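Subject: Structure handover

Hello,

Here is the structure you asked to take over. My notes on what was found follow below it.

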Amino acid sequence: MRCFPCHTPHELDESNPKHAKPIATHKEMVKKFGQKINIFRESPEATLRHLMISSRRPRPDKSPLLNVADPAKSLLVLKPTSKLPKKDADGKFEKPSSGEPVSHMGGLKMHVDDQSYKSFVAWIQDYSRVVGDQYASAAGQLVSIEAGTQADACS
Ligand code: HEC
């Protein structure tokens, strides 16, 4: 999917020679930015758990990954629809911002009129409605989003 290889450690296959470069890229990202880079986990349920746990800790410098009150303000969709940070006088990127206005070290990966953007936001809206007990059905929909973004990348 479009978030490969930076956020998709479980899609990296050491036995596939074509993955050598993506694996190196992912390693470099983890070294630089830490475990938060591993957004998409080993299963949709694990991804959802990570997104939920991270979003429960409010932080002044970081929008929640999932914003239940206002889905379009979720960092999960703000990041990939944001550009790279500005460069400083030495030509180095400034620190990426996770509060608005957001910047993304992965650069622009989605437009707000893309189908994948719409499915991410729709999924967060649905998830917001079922937060709490119907957790499993929200995870089920995440499977179709992940499959959908993969299809986008192949088209
Ligand atoms: C080429 C690598 C790359 C790609 C592809 C990429 N990103 Fe990122 N992304 C990064 C890096 C590096 C960071 C950490 C620095 C930052 O916050 O911008 C990041 C940060 C994020 C964060 C913040 C995570 C946190 O907890 O702080 C989110 C959310 C995110 N990306 C979503 C996405 C989504 C969704 C996609 C695919 C549609 C995507 N990114 C594609 C490199 C990438």
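Where does K86 lie? K86 sits in the loop that runs between α3 (75-78) and α4 (115-130). Please keep in mind that this is a predicted model.

Is K86 buried or exposed? K86 is exposed, because 9 C-beta neighbours fall inside 10 Å, and a residue with 12 or fewer is classed that way. From C-alpha to C-alpha, K86 is 8.4 Å in space from S103, with a separation of 17 residues in sequence.

Ligand

The ligand is surrounded by 22 residues, of which C3, C6, P96, M105 and G106 are the closest. At least two residues of this shell come from α1 (20-33), and at least two come from α3. Sorted by class, the shell contains 13 nonpolar, five polar and four charged residues.

Helices

The protein chain has five helices and zero strands, giving the pattern α-α-α-α-α along the sequence. In α1 there are 14 residues, and the distance from its first C-alpha to its last is 20 Å, close to the 20 Å expected at 1.5 Å a residue. After α1 comes G34, which has a positive phi near 85°.

Overall shape

The radius of gyration of the protein chain is 16 Å, which agrees with a compact globule, because 155 residues would give a value near 15 Å. Along the principal axes, the C-alpha atoms fill a box of roughly 50 × 40 × 30 Å. Of the 155 residues, 21% are buried. Among contacts between residues at least 6 apart in sequence, 49% join residues at least 24 apart.

Regards

Key:
Residues numbered from 1 in each chain as written. Predicted model: local features only at pLDDT ≥ 70, side-chain atom pairs only at ≥ 80, totals over all residues. Helix = DSSP H or I, 4+ residues; strand = E, 2+ residues; numbered from the N terminus. Buried ≥ 20, exposed ≤ 12 C-beta atoms within 10 Å, placed from the backbone. Near = placed C-beta within 6 Å. Nonpolar A, V, L, I, M, F, W, Y, C, P; charged D, E, K, R; others polar. Expected span 1.5 Å × (residues − 1). Rg over C-alpha atoms; globule rule 2.2 N^0.38 Å. Contact = placed C-beta atoms within 7 Å.
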